[in-house]
Amino acid sequence: MKLIVSRAHCTRFASLRCFSAKPTAVLDDTVSTLLSNDEIKYRRHPGVVVPRTPIFPKWALKEIHSILKEKKIVLKEINESAKHLLRHLNHRRPPLEQFELPAKFLKVEERLNAMNPHEKISVEDIDFHKDAKARLILKQNVYNWQPINFDKFTCLTYLVAKGVQNYAVSRKILNEIKSRDKDFRPKTLFDFGSGVGTVAWAASEIWSSTLKEYFCVDASEFMIELSERLAKAAQPKINEVFYRQYFPISTSRTYDIVVSAYSLFELPGMESRLDTILKLWTKTNNYLIIVEEGTNAGFKLVNEARDFILKYTNSKRRREPQFAHVFSPCPHDLKCPRFATDNTPCNFSVLYHPLQFLGGRQHKQELYSYVVLKKSKRPEDDEQWPRIVRAALKRSNHAICRMCMANGELKEEIFTKYKHGKHMYRCARESEWGDRLPLHYEQQQESLERDETVCETATCETTIKNENT
């Protein structure tokens, strides 16, 4: 029996070369030169935000301990109270707005219908005063916002729970302004919701020779009393500090730095928040800083303030033109890509050392969301370096950085020494969450080779023995 089988002969005879344009990360020329000449270290490149772990002032540690001792506060008791307050702050949400209520009622209707599939229930027919089940479902979906009552003990609790973290965050943000805007010499500071005064402490250390006036606003008289006590013990000495319980009526007075740190959650609604932000912007001469918890809720409030100021200054209805741009953390003034693409907050991290006399031994991490708006046009020579918005992943021979770009997009880049060069790779590897990477993207021609083969077929005959014959 003969079987005819085709045999294929493949011959590689041609190579096709084509080109594709691919953006490549290129290190900033100035930074590259400085690194090549050993004038700077990789871990201290210009995009690094320092200090990594701000050291809490020794005078503040001593004064806090003295205050607790004078007030005869049991350390174990206030430590537990501080933990409870931190849990409350981390899970806090802003007050519910009227336009959000229909969606909440719809959820109640859906839940009740799911529990009673044979009965069609409409939200209009529900009497929440009599229907305990419906009332319980509504409470589960509606956040019961209440302002915090800062009495004497709560103020001391807040000092213990958040004093170190608030100082560390303020120090890091203000220090970036100083390092990037070297000609900035602030003389006045306005602190809305000043609390125990941590913003003033940090600012007085950074600009001790120029800052001459601090204006602090806080609704709690006990918080003001505590802040005054701490400011008197501050080193370097904080002079000319003025305290008020209410926002000043006059709009003519402006300040070089205006800060609202961890205060927007205390306001009763969006209208009140935006009105406050507008007042703060009116009082701003150079920089407006908004800081909140690094939670989803905190990030949304910061982004709300950011978008409001950018839209307000760009409004065509304004008689007099105003200018504003995002100094930090965004390298752009476009819509936040984190807010538009997913449900994770745009937040950043700072390390701090807890109060040792309360049992704190190892450093901890504080997450915060913030924006720094500058009252001017974005400079033409602004580098707009991308910001690392998540912890860098450092692996064997490569580093992965997730960045917010100048074009308003999020980008993940894998840096290697072979692809990006030694300097770019080492800068990426030494960078941390919150740093800027000194790079830009260039379109480069990348050649691709593709081999082609031609297959020729031939036939052959194979004899197969039939075992049955």
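Buried means under 20% relative accessible area, exposed over 50% and partly exposed in between, using a 1.4 Å probe on protein chains only. The legends below describe a predicted model, in which local features need pLDDT of at least 70, side-chain atom pairs count only at pLDDT 80 or more, and totals for chains, interfaces and linings use all residues. Residues are numbered from 1 along each chain as its sequence is written, and side-chain values use heavy atoms, with hydrogens and water left out.

View 1. Helices (H or I, at least four residues) and strands (E, at least two) are DSSP runs, numbered from the N terminus. Of the 469 residues, 45% count as buried. Contact means heavy atoms within 4.5 Å. Of the contacts with a separation of 6 or more, 78% join residues 24 or more positions apart.

**View 2. Next come the cysteines, which form zero disulfides.** A disulfide is a pair of cysteine sulfur atoms within 2.5 Å. For Cys-336, the closest cysteine sulfur is in Cys-346, 5.2 Å away, which is too far for a bond. Cys-336 is buried, with a relative accessible area of 8%. Cys-216 is buried too, at 2%.

**View 3. Helix α6 (residues 152-180) packs against helix α8 (residues 221-233).** Their angle is about 50 degrees and their axes are 9 Å apart; axes are lines fitted to C-alpha atoms, for helices over the stretch in contact, and angles run from 0 to 180 degrees between N-to-C directions. The two helices are therefore oblique to each other: angles under 35 degrees count as roughly parallel, over 145 as roughly antiparallel, 65 to 115 as roughly perpendicular and the rest as oblique. On the α6 side look for Lys-152, Cys-155, Leu-156, Tyr-158 and Leu-159, which meet Phe-222, Met-223, Leu-226 and Leu-230 of α8.

**View 4. Helix α3 (residues 75-90) also packs with α6.** Here the angle is about 70 degrees, with the axes 9 Å apart, so α3 and α6 are roughly perpendicular to each other. Residues making this contact include Ile-78, Leu-85 and Leu-89 of α3 and Phe-153, Leu-156 and Val-160 of α6.

View 5. Thr-284 is buried, with a relative accessible area of 2%. Leaving out residues up to four places away in sequence, Thr-284 touches Tyr-255, Val-258 and Lys-375.
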